[in-house]
Amino acid sequence: MSMTPKERAEKAAAAMWAQDHASKWAGMDLVEVDEGTATLALTVQQHHCNGHGICHGGVTFMLADSAFAFACNSRNQSTVAQHNLISYVAPGRLGDRLTARATEQSLTGRSGIYDVTVTNQDGRKIAEFRGFSRAINGTLFPES
């Protein structure tokens, strides 16, 4: 029996999440996944804040990067980051619920481009991230 794209994405995400100690350690939640898309969220805690008392840019980047990873691995093809960049628009603040929504923009051969928007609980844009992916050998789970 063949899987739907959403079922494949969910199974790939479950396999990745089981091994993704970094995202869980940071306090992220996997909210939703589908083919070419993923949403992760994080509540900004004291240990996420920098010397200015705002969410550390590396934490925001990590959240966006994790959403990107789940989106680009949603077809059960092992895929890694080739290049990423981020623009910070507004600070995340202590207690904010940050949500990163990744959306596939292009997939050609082994290379993909994904945009990730990070917003807070009020819908205020915190950052824009663009990720460039490269498929490698392997899968996240066996398909028969």
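Tutor: What follows is a close look at one helix and its surroundings. This is a predicted model, in which local features need pLDDT of at least 70 and side-chain atom pairs count only at pLDDT 80 or more, while totals for chains, interfaces and linings use all residues. Residues are numbered from 1 along each chain as its sequence is written, and side-chain values use heavy atoms, with hydrogens and water left out.

An unreviewed UniProt entry places the feature "domain: Thioesterase" at residues 52–126; such annotations may be inferred rather than shown by experiment. The span is 21% helix and 44% strand, and its end C-alpha atoms lie 16 Å apart. Helices (H or I, at least four residues) and strands (E, at least two) are DSSP runs, numbered from the N terminus.

Helix α3 covers residues 57–72. The expected span of a helix is 1.5 Å times one less than its number of residues. Several residues of α3 are buried, among them Val-59, Leu-63, Ala-67 and Phe-70. Buried means under 20% relative accessible area, with a 1.4 Å probe and protein chains only.

The largest nonpolar core has 32 residues, and Leu-63 and Phe-70 are among those with the most contacts inside it, as are Met-28 and Leu-40. Such a core is a set of buried Ala, Val, Leu, Ile, Met, Phe, Trp, Tyr and Cys residues joined through side-chain atoms within 4.5 Å. The largest share of this core, eight residues, comes from α3. Met-28 touches Leu-63, and also residues including Leu-40, Met-62 and Ser-66; contact means heavy atoms within 4.5 Å.

Leu-40 stands opposite Ala-100 in β4. Strands β2 and β4 run antiparallel and are joined by seven bridges; two strands pair if DSSP finds at least two bridges between them. Nine bridges join β4 to β5, also antiparallel.

Asn-73 counts as buried because its relative accessibility is 4%. Its side chain reaches the backbone nitrogen of Thr-79 at 2.9 Å. Not counting residues up to four places away in sequence, Asn-73 touches Ala-12, Met-16, Ser-78, Thr-79 and Leu-140.

Technical notes:
Buried means under 20% relative accessible area, exposed over 50%, partly exposed in between (1.4 Å probe, protein chains only). A polar contact is a pair of N or O atoms within 3.5 Å; within protein, one must be able to donate a hydrogen and the other to accept it, and residues adjacent in sequence count only if both atoms are side-chain atoms.
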